Amino acid sequence: MASCGEPSRSPEATAEDVPAGLTAEEYADLRPRIDSHHRYRVGPGQCSSLLAQRIRAPAAAVWSVVRRFDSPQVYKHFIRSCAISGGAGEEIRPGCLREVSVISGLPASTSTERLDVLDEDRRVSGFTIVGGEHRLRNYRSVTTVDELRGGGGQIRAVVLESYIVDVPEGNTEEDTRLFADTAMM
């Protein structure tokens with residue numbers, strides 16, 4: 001689900017509303033979570049997106065990896081390294097910073113990111129990019145992990161990642177979204 005300009009507030013979901021990676025039924029189950037954590041007021045010159053990924057594992061197992069603000073390279077393959085500001089042993093909590101180095105070939109080299117939320121009980125994390133060598137400005141992201149039962153009672157986790165970002169001068173919304181979506185998943 002991508003958005004530019006003012007987001008739709010319709011209570012009825014259309015096929016366009018259902019994020020890639022979710023069925024209409026899954027979207028209906030997750031809609032309260034999406035509405036509370038993954039909706040943004042998108043203004044002129046901004047874009048946002050919501051991506052979903054299903055994983056055949058319990059949500060608790062997936063959360064144990066996704067929650068690691070100090071080790072995003074474990075699940076984000078474009079990240080070369082990550083260091084928490086202040087050195088090893090620093091407690092991971094909202095307000096802490098990480099310095100991320102990305103692999104070559106991307107139109108970025110580093111990113112400084114602030115952890116905004118880390119809610120263990122609700123499995124929600126979020127960060128804001130506050131610096132670095134890249135073109136993403138005013139980037140905020142939220143990740144949630146939920147558990148759904150599939151056919152035959154199979155348990156699977158659904159990771160939802162959303163963001164809002166300014167569209168850099170000289171770029172289109174589509175170019176910005178393509179880069180940010182690629183970096184998210």
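**A tour of rings and cysteines**

Begin by selecting Arg 98 and Phe 127: the charged end of Arg 98 sits over the ring of Phe 127, at 4.9 Å from the centre of that ring. Please keep in mind throughout that the model on display is predicted.

The number of aromatic pairs in the structure is two. Now look at one of them, Tyr 139 with Tyr 163: the ring centres are 5.5 Å apart and the planes meet at 15°, so this pair is stacked, since planes under 30 degrees apart count as stacked. Where in the chain do Tyr 139 and Tyr 163 lie? Tyr 139 belongs to the loop between β6 (124-131) and β7 (140-149), whereas Tyr 163 is part of strand β8 (residues 155-166).

Next, turn to the cysteines. How many disulfides are there? The count is zero. Select Cys 82 together with Cys 96 to examine one case. The sulfur of Cys 96 is the nearest cysteine sulfur to that of Cys 82, yet it is 9.2 Å away; a disulfide would require the two sulfur atoms to be within 2.5 Å, so Cys 82 is in no disulfide.

Is Cys 82 buried or exposed? Its relative accessibility is 15%, so Cys 82 counts as buried, the limit being under 20%. Finally, select Cys 47, which is also buried, with a relative accessible area of 0%.

Definitions and conventions. Residues are numbered from 1 along each chain as its sequence is written. This is a predicted model: local features need pLDDT of at least 70, side-chain atom pairs count only at pLDDT 80 or more; totals for chains, interfaces and linings use all residues. Side-chain values use heavy atoms; hydrogens and water are left out. Buried means under 20% relative accessible area, exposed over 50%, partly exposed in between (1.4 Å probe, protein chains only). Rings of Phe, Tyr and Trp (its six-membered ring) pair if their centres lie within 6.5 Å; planes under 30 degrees apart count as stacked, over 60 as edge-to-face and the rest as tilted. Helices (H or I, at least four residues) and strands (E, at least two) are DSSP runs, numbered from the N terminus. A charge sits over a ring if NZ of Lys or CZ of Arg is within 6 Å of the ring centre and within 35 degrees of the ring normal.
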